[in-house]
Amino acid sequence: MRTDGRKLDELRPVKITTGFTKYAEGSCLIEMGNTIVLCNASVEDKVPPHVLSGGWITAEYSMLPRANRERTKRDIAKLKLAPRSAEIQRLIGRSLRSAVNLQLLGEHTITLDCDVLQGDGGTRTASVTGGFIALALALRKLLERGEIKTMPAFTYVSGVSAGIVNNVPMLDLCYEEDSHAMVDMNCVMTAGGELIEIQGTGEGRPFTVDEEMRLLELCKKGNTALCAIEKKIIGELT
């Protein structure tokens, strides 16, 4: 029995509130169980120097000081970005760029700010899912303004975790499960089940290829459900 009574292949309850903030071109609050992340998409009419043509999508990730059971210091307190935050925001940026034709974006940069208000496991994957929704809403606003002519996003993208706890594979780990996981995996996929990124680690023991495939099956089921939620919220990508 899982700590919250879910089935082994069951997601936590998902709630997504769009338009959560007033000024961002796209925004949503994503809640997966007790994990809550605010995702804002901001549009700038310029691109970084390394972008020679088309647009760019990037992300920033932060966990608020009391998002966890104990207060953590802000990154600014150390005058540098924490390694964990840097790793996660690169993951978010890579994942979202994989779903977008940057040439169709034109000379625009979209920055996704993913701020964890409450953490209970799966904050990076919730940031990918919520970040995509905020991104799609911002892209639709650019279309409505006539600043781009075609929807650059060509597929839905979501992220979910899975792991092996007490030798049992399970989907969408909460913190209590994640903290005891022998194997931990984060997986980002498209709506068609194509892989964008896999992060798998044997934290308590090595794991077999068969176990990896079982975790991927769980992630595919979870991501299929999340992409269906995205499609219901966003509609067709047109």
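1. Asp-172 is found in the loop between strand 7 and helix 4, the latter covering residues 175–178; helices (H or I, at least four residues) and strands (E, at least two) are DSSP runs, numbered from the N terminus. Although Asp-172 is not a glycine, its phi is positive, at about 55°. With a relative accessibility of 2%, Asp-172 counts as buried, where buried means under 20% relative accessible area, exposed over 50%, and partly exposed in between, for a 1.4 Å probe and protein chains only. The model is a predicted one, in which local features need pLDDT of at least 70 and side-chain atom pairs count only at pLDDT 80 or more, while totals for chains, interfaces and linings use all residues. Residues are numbered from 1 along each chain as its sequence is written, and side-chain values use heavy atoms, with hydrogens and water left out.

2. A second residue other than glycine with a positive phi is Asn-166, whose phi is near 55°. Asn-166 lies in the loop between strand 6 and strand 7, the latter formed by residues 168–171, and it is exposed, with a relative accessible area of 60%. As background, most residues other than glycine have a negative phi, and most peptide bonds are trans.

3. On the overall fold, the chain contains 5 helices and 9 strands, and, read from the N terminus, its elements follow the order β-β-β-β-α-α-β-α-β-β-α-β-β-α. The radius of gyration is 18 Å, close to the 18 Å that the globule rule gives for 238 residues, so the chain is as compact as a globular protein of that length; this radius is taken over C-alpha atoms, and the rule is 2.2 Å times the number of residues to the power 0.38. The C-alpha trace spans about 55 × 40 × 30 Å along its principal axes.

4. Of the 238 residues in the chain, 48% are buried. Among the contacts with a separation of 6 or more, 69% come from residues 24 or more positions apart, contact meaning heavy atoms within 4.5 Å. The chain exposes about 11,700 Å², with carbon and sulfur atoms supplying 51% of that area; accessible areas come from the Shrake-Rupley method with a 1.4 Å probe, and for residues only the protein chains shown count as cover.

5. Arg-12 lies in the segment before strand 1, which covers residues 14–18, and with a relative accessible area of 3% Arg-12 is buried. The side chain of Arg-12 reaches the backbone oxygen of Gly-121 at 3.1 Å.

6. Thr-125 lies in helix 3 and is buried, with a relative accessible area of 4%. A polar atom of the side chain of Thr-125 lies 3.1 Å from the backbone oxygen of Gly-122. Apart from residues up to four places away in sequence, Thr-125 touches Gly-159, Val-160, Ser-161 and Asn-186.

7. The count of aromatic pairs comes to 1, given that rings of Phe, Tyr and Trp (its six-membered ring) pair if their centres lie within 6.5 Å, with planes under 30 degrees apart counted as stacked, over 60 as edge-to-face and the rest as tilted. The rings of Phe-132 and Tyr-156 have centres 6.1 Å apart and planes at 70°, so this pair is edge-to-face. The pair links distant parts of the chain, 24 residues apart, with Phe-132 in helix 3 (residues 123–145) and Tyr-156 in the loop between helix 3 and strand 6 (157–165). Both Phe-132 and Tyr-156 are buried.

8. Gln-103 has its place in helix 2, residues 102–105, and its C-alpha atom is separated by 4.0 Å from that of Gly-54, which is 49 residues apart from it along the chain. The side chain of Gln-103 makes a polar contact with the side chain of Ser-53 at 3.2 Å; a polar contact is a pair of N or O atoms within 3.5 Å, where, within protein, one must be able to donate a hydrogen and the other to accept it, and residues adjacent in sequence count only if both atoms are side-chain atoms.

9. The structure holds 0 disulfides, a disulfide being a pair of cysteine sulfur atoms within 2.5 Å. Cys-187 is in no disulfide, and the nearest cysteine sulfur, that of Cys-219, is 4.5 Å away. At 0% relative accessibility, Cys-187 counts as buried, and Cys-219, at 0%, counts as buried too.
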